[in-house]
Amino acid sequence: MTFTASGAAVVVDGAYELAEGGRWFDGRYVYVDILSGRLFEMRCDDTDPAPRQLLRLDVPLGAVAPVAGRPGAWIAAAGTGIALLTADGAPEWLDRPEDRTPVPSRMNDGVADPAGRFWAGSMAYDGTQGAGSLYRTDPDGTVVRVLDGLTIVNGPAFTDDGATLYLADTAAGTILRCRVDPASGDLSDGPETFARLRHGEGSPDGMTIDAEGCLWVAMWGAGEVRRYHPDGRLLHTLTVPAPHPTSVCLHPRDDRVFVTTARYGVKSPTATSGAVLEIPAPVRGTAACSWRGRR
C-alpha cells in the first residue's frame with residue numbers, strides 16, 4: 001500500500017546538509033547533522049519545539065546514544081571511531097579503527113541495543129566498495145569489528161529483545177538481518193538478506209522498529225519511507241516531500257513519525273530538503289536505548 005504524506009509538516013527548517021540519526025530519548029527527539037558535526041535536540045511536547053544545538057565537533061558526527069547514569073554524556077560514532085562526549089564537545093576516544101583502513105573513511109549511523117551495547121557502521125568517503133564495517137562497543141569500552149566487506153553501513157535497528165539486528169548496506173541496496181546472542185553480543189546467525197531493492201527504488205538508509213515489530217526504512221533517493229513485516233512483506237510505502245529521507249523515528253506515545261532529510265546530492269533543493277518532517281503514522285514506536293558503560 002502506497003500513500004502520500006498529506007499531513008507532512010516541516011517541524012525544523014534547518015537546511016541541514018545531511019541530517020540523520022533521529023532517535024527518541026527521554027522525552028526529546030535527538031538528531032545529528034553529520035558533515036557539520038552537530039548534535040541537536042528537540043522537545044516536541046513543549047510549547048516551543050525549536051531545536052537546540054547540544055554540541056559541535058570538528059569531525060563528522062554520524063550518530064549518538066546517551067550514556068546511562070551520566071546526564072549530558074553521549075557515546076558517538078564520530079570521525080574515524082567511537083568517542084564519549086560531554087557538553088563541551090571534547091571527545092574521549094575509545095578507539096579509532098577507521099584510522100587503520102586503506103582508504104579515507106568515517107563512521108556513519110549507529111544505535112544502542114537493549115543490552116546496553118553501541119553498534120555503529122562506517123564507510124569510505126569515496127564510497128569504495130567493501131570498505132565499510134560494522135562495530136560493536138561493549139560496556140567496558142572495547143570496540144569490536146563485527147562485520148566487514150560492506151560499503152555504506154546505515155540504520156542499525158534492534159528488536160526489543162535484542163535478538164535480531166537489521167542493517168542497511170545503502171550502496172548495495174540491501175537490508176540485512178542478523179541473529180544476535182543478547183548475552184554476549186555475538187552474531188549467532190547471518191547476515192541474511194532481508195530485502196533487496198531494485199534499481200530505481202532508492203537506497204535503504206536509517207531504520208527503526210515500531211511497537212508491532214515491523215521495520216521502517218528511509219529510502220534515500222526515492223522520497224519514501226517503507227514499512228516491512230518481519231517476514232519480509234512490504235506493508236506500506238509512505239511518500240514524503242523530500243527526495244533524500246535519511247532516518248525515521250516513531251514517537252513512543254503518539255501516532256506520528258519524524259523523518260530527517262538531506263540537501264546533500266539534491267540538484268534543486270526545496271524547503272523540505274534538509275528539514276525535519278513530522279507525519280501522521282499508523283503505529284507508535286519505542287524509546288531508543290542507552291549505552292551502559294563508563295559510569
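The side chain of Thr260 reaches the side chain of Thr246 in a polar contact of 2.6 Å; the term covers a pair of N or O atoms within 3.5 Å, where within protein one must be able to donate a hydrogen and the other to accept it, and residues adjacent in sequence count only if both atoms are side-chain atoms. Ser247 is also tied in, with a side-chain polar contact to Thr260 of 2.6 Å. This is a predicted model, in which local features need pLDDT of at least 70 and side-chain atom pairs pLDDT 80 or more, while totals for chains, interfaces and linings use all residues. Numbering runs from 1 along each chain as its sequence is written, and side-chain values use heavy atoms, with hydrogens and water left out.

Thr260 sits in strand β24 (residues 256-261); strands (E, at least two residues) and helices (H or I, at least four) are DSSP runs numbered from the N terminus. Thr260 counts as buried because its relative accessibility is 0%, the label meaning under 20% relative accessible area with a 1.4 Å probe, protein chains only. Beyond four places in sequence, Thr260 touches, among others, Ala19, Glu20, Tyr29, Tyr31 and Ala275, contact being heavy atoms within 4.5 Å.

Asn154, in strand β15 (residues 153-158), tells a story of its own. At 3% relative accessibility, Asn154 is buried, and its side chain makes a polar contact of 2.9 Å with that of Thr170. Its contacts, neighbours within four places aside, include Glu20, Asn108, Asp109, Asp205 and Met207.

Then there is Leu134, in strand β13 (residues 132-137). Leu134 is buried, at a relative accessible area of 0%. Among the residues in contact with Leu134, leaving out those within four places, are Trp119, Val144, Val146, Leu147, Val153, Leu165 and Leu167. Tyr31 is 103 residues from Leu134 along the chain, and their C-alpha atoms are 20 Å apart.

Zooming out, the protein has 25 strands and 0 helices. Its radius of gyration is 17 Å, close to the 19 Å that the globule rule gives for 295 residues, so it is as compact as a globular protein of that length; the radius is taken over C-alpha atoms, and the rule is 2.2 Å times the number of residues to the power 0.38. Along the principal axes, the C-alpha atoms fill a box of roughly 45 × 40 × 35 Å. Buried residues make up 57% of the 295. Of the contacts with a separation of 6 or more, 47% join residues 24 or more positions apart.

How values were computed
Buried means under 20% relative accessible area, exposed over 50%, partly exposed in between (1.4 Å probe, protein chains only).
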